[in-house]
Amino acid sequence: DCLEAAHLKLSKEQFPLRVSLQPLVLQGFAGLAPSAQGGQPMPREDLFNYLNSIDNFDIGPLQAVLAQTEVIGEPALPSDEDTAALAWVGAAFDHWETHFTLDPSLVIRLRRLKPVLGLMALADNQFYTPGVHPLHQVLDGIYDAAVGWQEGLGRAGEPVEKLIDQTVDGAIACLAENGSGLKALLRESTKSSQRLETRIRRMAQRTTDGERGQLRAARAKEIAASMINREVARYPIPTDIGEFLTGPWFESAQLVLLKYGENASQWQDISAATSALMSTLAPQEEGEPAVEHGTQVIQQIRKWLLSLQHDQQQTDEVISTIEFTQLRVVKGMEIERSATKPIPITNAPVPSGEETAISGVETGQWFQVEARKGGMLRIQLAMMQPREQRLMFCNHAGAKVQTMDYRSFAELLEQGKARHLETGKSFSRSLAAVIGVDTPEALSQLTGEPVQTMAAADPVPTPAPRPTTQPAPAPPQSPADTMIS
């Protein structure tokens with residue numbers, strides 16, 4: 001397999017979780033940083049003020065709060081519960097940045113949400129259930145909509161930047177007003193992400209449809225040309241009939257292929273009509289064709305001459321020429337013959353007997369690939385052609401940017417020059433992963449429900465070090481838990 005299999009890992013389909021992680025957060029993170037530890041804890045209101053005053057977004061919210069208290073000599077420290085919540089949020093965000101990577105310029109903008117995440121973890125117990133809280137859904141949605149974004153997209157990249165800026169600025173503004181309107185903002189942001197992701201898929205599909213149409217046309221041209229070339233090579237025929245076969249009749253054969261396909265009876269009929277026409281023109285020494293056979297051929301020529309169906313005059317002229325020539329052949333009269341120049345064929349790559357397997361690779365997946373001229377490309381696999389062993393990739397704008405064969409792409413994956421960018425519930429999965437809930441077994445231990453094996457699960461990267469997953473008693477709720485609604 002070219003993509004590493006991560007069996008029995010939590011998949012995006014298992015989110016949102018149906019259980020709170022609050023006991024695990026307290027046990028896993030309470031002792032990882034200084035806290036009140038039984039002394040007088042910092043009042044929630046003061047802690048909220050510190051979070052709102054953060055100006056260093058490169059560190060976690062807990063570290064940013066402690067840095068402020070150290071500067072002013074604040075004696076009070078957050079409670080064990082609050083310390084654990086803020087440490088968990090910081091670890092989850094770091095995990096998200098590392099394992100679900102976005103373009104660095106977008107990450108810098110999104111880091112400004114760290115204080116908002118910290119405040120939500122302190123004020124809303126729903127935050128402890130990954131995938132349920134509106135803020136989880138916002139970050140999940142933004143990632144899926146922005147995974148293919150990179151510098152240089154121009155106007156096509158502006159909607160992602162606008163989405164992130166409006167979400168971040170709006171959330172910060174809402175908190176300045178004690179959270180008024182925050183959840184409405186988050187719901188609208190989630191909807192905007194979904195609309196943007198749908199638009200990206202639609203643009204890529206449009207490109208794919210166009211590419212498939214070109215491939216079908218090229219394939220039809222190749223098949224039709226091969227059939228006609230095979231027939232006209234049997235023996236010399238009059239020049240005007242040769243030009244008809246390699247011109248209007250060739251175009252008609254392509255139309256039949258595009259409409260019905262090469263396995264349809266219609267294609268068999270036009271192929272048989274071509275062969276029968278050539279037989280009526282065979283030199284006398286190869287056998288005299290029957291007049292009845294020639295009449296049947298003319299009927300088939302009229303039926304399938306689709307390229308001239310709107311030009312009755314030219315159709316009649318072609319049929320008249322063929323009938324006159326057939327009559328001369330039947331009567332044993334000499335006709336002027338010459339070799340018909342075959343139709344040029346641009347041969348597509350012929351699939352070899354050895355097919356390269358790229359298990360786990362599917363259309364719709366995003367990859368980060370080393371560009372030939374340096375730098376990295378974020379591209380989406382938009383089309384797979386198993387017969388030709390070819391892949392087509394689009395960028396965030398839905399434009400075709402690269403094609404390559406299966407083997408070349410498999411080698412890029414094996415060499416680490418191409419990396420799968422996972423999507424789906426990314427931030428929610430990070431919240432669970434940093435606390436050790438990253439396998440069905442861990443989730444089963446937490447919920448008491450039987451393990452359900454996920455055959456095609458997308459892996460949740462395992463953080464290190466990993467806190468214990470033994471449940472701990474739930475801490476008492478603070479009145480501040482209901483501050484933001």
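A salt bridge, for today, is a side-chain nitrogen of Lys or Arg within 4 Å of a carboxyl oxygen of Asp or Glu. By that rule, the count here comes to 18 salt bridges. Keep in mind that this is a predicted model.

Let me start with one of those bridges. Glu 262 pairs with Arg 219, and their closest N and O atoms are 3.7 Å apart. That pair links distant parts of the chain. Glu 262 sits in the loop between helix H11 and H12, while Arg 219 belongs to helix H9, 43 residues apart. Are these two buried or exposed? Glu 262 counts as partly exposed, at 36% relative accessibility. Arg 219 is also partly exposed, with a relative accessible area of 23%.

Next, Glu 231 and Arg 234. Their side chains meet in a salt bridge, at 2.8 Å from N to O. Here the two partners fall into separate classes. Glu 231 is buried, because its relative accessible area is 10% and the cut-off for buried is under 20%. Arg 234 is at 36%, so it counts as partly exposed.

A further bridge joins Arg 429 and Glu 422, at 3.2 Å from N to O. Both of these residues are buried. There is also a network: Arg 44, Glu 81 and Asp 82 are joined by salt bridges that share partners.

On to helix H8, residues 158–176. Does its length agree or disagree with what 19 residues should span? At 1.5 Å a residue, H8 should span 27 Å, and its end C-alpha atoms are 27 Å apart, so the two agree.

Now look at which way H8 faces. Its buried residues include Val 160, Leu 163, Ile 164, Thr 167 and Val 168. Further along, they also include Gly 170, Ala 171, Cys 174 and Leu 175. Seen down the axis, the buried residues of H8 fall within an arc of 170 degrees, so they line one face of the helix. On the other side, Lys 162 and Ala 176 are exposed. What does the buried set of H8 pack against? The partners are helices H2, H5, H6, H7 and H9. Just after H8, Asn 178 takes a positive phi of about 60 degrees.

Now the aromatics. A search of the whole structure finds 11 aromatic pairs. Take Trp 88 and Tyr 128. Their ring centres are 5.4 Å apart and their planes lie at 5 degrees, so the pair is stacked. This pair, too, links distant parts of the chain. Trp 88 is in helix H4, and Tyr 128 is in the loop between H6 and H7, 40 residues apart. Trp 88 and Tyr 128 are both buried.

Phe 93 and Trp 96 make an edge-to-face pair. Centre to centre it is 5.4 Å, with 75 degrees between the planes. Both residues lie in helix H4, 3 residues apart, which is about one turn of the helix. Phe 93 is buried, and so is Trp 96. Ring pairs also link Phe 93 and Trp 96 with Phe 100, Tyr 143 and Phe 427 in a cluster.

Last stop: Ala 273, in helix H12, residues 265–280. Ala 273 counts as buried because its relative accessibility is 5%. Which residues does Ala 273 touch, not counting those up to four places away in sequence? They are Trp 249, Val 297 and Gln 300. The C-alpha atoms of Ala 273 and Ile 301 are separated by 6.8 Å, though the two residues are 28 apart along the chain.

Key:
Residues are numbered from 1 along each chain as its sequence is written. This is a predicted model: local features need pLDDT of at least 70, side-chain atom pairs count only at pLDDT 80 or more; totals for chains, interfaces and linings use all residues. Side-chain values use heavy atoms; hydrogens and water are left out. Helices (H or I, at least four residues) and strands (E, at least two) are DSSP runs, numbered from the N terminus. Buried means under 20% relative accessible area, exposed over 50%, partly exposed in between (1.4 Å probe, protein chains only). Contact means heavy atoms within 4.5 Å. The expected span of a helix is 1.5 Å times one less than its number of residues. The arc is that of the directions from the helix axis to the C-beta atoms. Rings of Phe, Tyr and Trp (its six-membered ring) pair if their centres lie within 6.5 Å; planes under 30 degrees apart count as stacked, over 60 as edge-to-face and the rest as tilted.
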